[in-house]
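This report describes the salt bridges, nonpolar cores and domain interface of one protein model. Please keep the sequence and structure in view while reading.

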Amino acid sequence: RSSGAMGSAPAQQLRALFYALPPGESSFRTVEEVPDYVEKSIPFFIAFIGLEFVVSWVQKHKLPGRINDGISSLSLGILSRLPDILFRSVDLISYIYVWDKYRLFELPWDSPWTWYLTLLGVDFAYYCFHRISHEVNILWAAHQVHHSSEDYNLFTALRQSFLQKYTSWIFNLPMALFIPPSVFAVHLQFNLLYQFWIHTEVITNLGPLEWILNTPSHHRVHHGRNPYCIDKNYGGTLIIWDRIFGTFEAEDAKVVYGLTHPVNSFDPIMLQLRPLVHIWKTFWATPGFFNKLSVIFKGPGWGPGKPRLGLPEEIPVITGKEVPFNPRVPAFLNCYAVVHFAVIVDFYTELLGTVTMLSQGTILLRIGFIILSLTSFGLLMENK
């Protein structure tokens, strides 16, 4: 029997966004009993995005983002979730396999100590994976999608990589030797959900919590392309790992968001694949076998004769006059894109709700239609 049946469902789901569901409300005997907290959070995502718009307008008399960038972020979010319609999460598949075959001992699923240990374990694994994703070029090619927005708002939180999940699972496997999959499945979702609300500029400083938790201020630094922001603040829920391992940086000069070399596209497929094409071309253009391997496994700023992570002085200087990629399109086209995108979101959520009743062929056709539509919106926003 699960012990997670107390309290009203909406209130529980809201607290799940802030990692505020204690062990007594979020401990389950089996993986099958663990709720899909992420899917149930979609209405709260929408509500908080609306609230951010209101607060930003009151605070600064401007909206927190742009239509083209917002649609691009949401398109990337949907695209990243499409494989989950066809396959079970690779994180859970690999974790359960190791648990079934190789676990050393079994911590009790209903113990608060197991719950808190898993919180720390999942967050530390995330820190390690996140840091390596910035320091290994082939992994950065996937993760850079999340950093490609030149805005910073709650839409940006949903801008996720299609490919990243196929490498992140490795870092969770040591926990499978002793932590039950049901406990892991809860914290995997909580860690992801917590990182939604920190993608905002409307929250400035949280006082003493800044010492322990990853906050909007800390995460703004992580998304900056200012030289002082590069490769800093990798934490998911906790900032203590950055303080321990020397990767912490407090928010200082005004943060300019995005990549040091902007992609300048709203096409979700292009945003996912262009960095891989760049690595492929650089690989073949770089002489020497070990240099070719370095193109793949050293930092994105590496080149022959340079340190592993590249030269800090080669990071472009921030002048404060940077202009985001923002092609002008007619107002009616923006209106059309918003309305049609809303239709596709409804189509996607309807697919999630009926997937068990559809044939594999129908599911693939619907996924193809969604991808075609999202790509079309991106190209329209670029005047193509």
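## Salt bridges

A salt bridge is counted where a side-chain nitrogen of Lys or Arg lies within 4 Å of a carboxyl oxygen of Asp or Glu. By this rule, the whole structure holds 14 salt bridges. The model is predicted, so local features need pLDDT of at least 70 and side-chain atom pairs count only at pLDDT 80 or more, while totals for chains, interfaces and linings use all residues. Residues are numbered from 1 along each chain as its sequence is written, and side-chain values use heavy atoms, with hydrogens and water left out.

Arg 66, Asp 69, Asp 151 and Arg 159 are linked in a network of salt bridges. Asp 151 lies in the loop between α8 and α9 and Arg 66 in the loop between α3 and α4, so the pair ties together parts that are 85 residues apart in sequence. Helices here are DSSP runs (H or I, at least four residues), numbered from the N terminus. Asp 69 and Arg 159 form a salt bridge whose closest N and O atoms are 3.4 Å apart. Because Asp 69 belongs to helix α4 and Arg 159 to the loop between α9 and α10 (165–168), this pair ties together parts that are 90 residues apart in sequence.

Buried denotes under 20% relative accessible area, exposed over 50%, and partly exposed the range in between (1.4 Å probe, protein chains only). Asp 151 is buried at 11% and Arg 66 is buried at 18%; Asp 69 and Arg 159 are buried as well. Another salt bridge joins Glu 106 and Arg 103, with the closest N and O atoms 3.5 Å apart. Glu 106 is exposed at 51%, and Arg 103 is partly exposed at 34%.

## Nonpolar cores

A nonpolar core is a set of buried Ala, Val, Leu, Ile, Met, Phe, Trp, Tyr and Cys residues joined through side-chain atoms within 4.5 Å. The largest has 43 residues, of which Tyr 37, Met 175, Phe 190, Leu 193 and Phe 196 touch the most other members. Elements giving two or more residues to this core include α1 (9–17), α3 (42–60), α7 (112–135) and α11 (181–197). The most, 9 residues, come from α11.

Beyond its neighbours within four places in sequence, Phe 190 is in contact with Ala 16, Tyr 19, Leu 21, Ser 26, Tyr 37 and Trp 115, where contact means heavy atoms within 4.5 Å. A second, separate core has 17 residues, among them Ile 85, Ile 370, Leu 374 and Met 381.

## Domain interface

The domain assignment of the chain gives domain 1 (9–314) and domain 2 (331–381); such bounds come from an automatic or database assignment. Contact involves 16 residues of domain 1 and 21 residues of domain 2. The area buried between them is about 1,700 Å², with 85% given by carbon and sulfur atoms. Buried area is the accessible area (1.4 Å probe) that two parts lose on being put together, summed over both.

In domain 1, Ile 71, Ile 78 and Ile 85 lose the most area to domain 2, together 33% of what that side buries. On the side of domain 1 that touches domain 2, α4 (67–81), α5 (83–86) and α14 (268–285) each supply at least two residues, and α4 gives the most, with 8 residues.
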